[in-house]
Amino acid sequence: MTGTQLSQQYQTTFDGIRQTNPDGNEFWSARDLAPALEYQDWRNFMQVVDKARVACAQSGRQPEDHFGDITKMVAIGSGAQRPVPDVRLSRYACYLIVQNGDPAKPVIANGQTYFALQTRRQELADETKFAQLPEDKKRLTIRHELATHNKHLAAAAKGAGVETSLDYAVFQDHGYKGLYGGLSAKDIHARKGLKKSQKILDHMGSTELAANLFRATQTEEKLRRDQVRGKVRANQTHHEVGSKVRSRQQGEANHQGTGRHHAGKSART
């Protein structure tokens, strides 16, 4: 069997054990996934699942949102059944499981590809739907997501040594200064002409909110990945990420401007 045929076989297997709940959300049963990944011993497979749970928590996500402990009834003969423990897994949970599986197994390598592609396809579908939303709905959607990721960022910052409310305010300012070319939260508040009680995040368009969301997610990931320790280093990291997001935005804006320039020149000639 060729590598392509083997890959298609495993894809068919993973697709075949995928289930959906009454709301149409997909999930996989750990009891079904274990043999598909060639784990014959349930206890050995649960060790991989436990590693995946830890990885999920370390990524700033709630494990219970992706790993649901349930009981499954299995047949034991003569029409009788008995309950066994099972885990209802999200696509992300499956991805983490194959990432923590035995890399020597071809099925694990194919599983990593399958769940990575499935995740990306869903992201692209979500992006398409998002692009069709009106501006108000886009803004509210990103604002809600940013509120969630700011909590994850706060947890990562606390792990790095940003402990008090004042520490966190200084930490946030470093991110804003990086993203806004030296402007602090107070400066941005003043520039927008807001009242003291108004929050700057509630007065941003979808594009500006998206930049702040990217700043938050990338800073959280870098703090955890690089195991940043100390308030000073955490502040520097936030500023660095903010600056990179700003540079990326400026680069995209320049590219779009160049594209318009060449299009105009072409039209004139």
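Mentor: In strand 4, valine 87 is the bridge partner of aspartate 69. Strands (E, at least two residues) and helices (H or I, at least four) are DSSP runs, numbered from the N terminus. This is a predicted model: local features need pLDDT of at least 70, side-chain atom pairs pLDDT 80 or more, while totals for chains, interfaces and linings use all residues. Residues count from 1 along each chain as its sequence is written, and side-chain values use heavy atoms, without hydrogens and water.

Trainee: How many bridges pair strand 3 and strand 4?
Mentor: There are 10, in the antiparallel sense. Two strands pair if DSSP finds at least two bridges between them.

Trainee: And which strand order does the open sheet have?
Mentor: The order is 1-2-4-3. Strand 1 (19–20) and strand 3 (67–77) are at the edges with a single partner each, so one side of each has no neighbour in the sheet.

Trainee: New topic. How many salt bridges are there?
Mentor: The count is 14. The rule: a Lys or Arg side-chain nitrogen within 4 Å of an Asp or Glu carboxyl oxygen. One of them joins aspartate 167 and lysine 231, at 3.5 Å, N to O.

Trainee: What does that pair tie together?
Mentor: Aspartate 167 is in helix 7 (residues 165–179) and lysine 231 in helix 10 (residues 231–268), so parts 64 residues apart in sequence are tied together.

Trainee: Is aspartate 167 buried or exposed?
Mentor: Aspartate 167 counts as buried, at 16% relative accessibility. Buried means under 20% relative accessible area, exposed over 50%, partly exposed in between (1.4 Å probe, protein chains only). Lysine 231 is partly exposed, at 41%.
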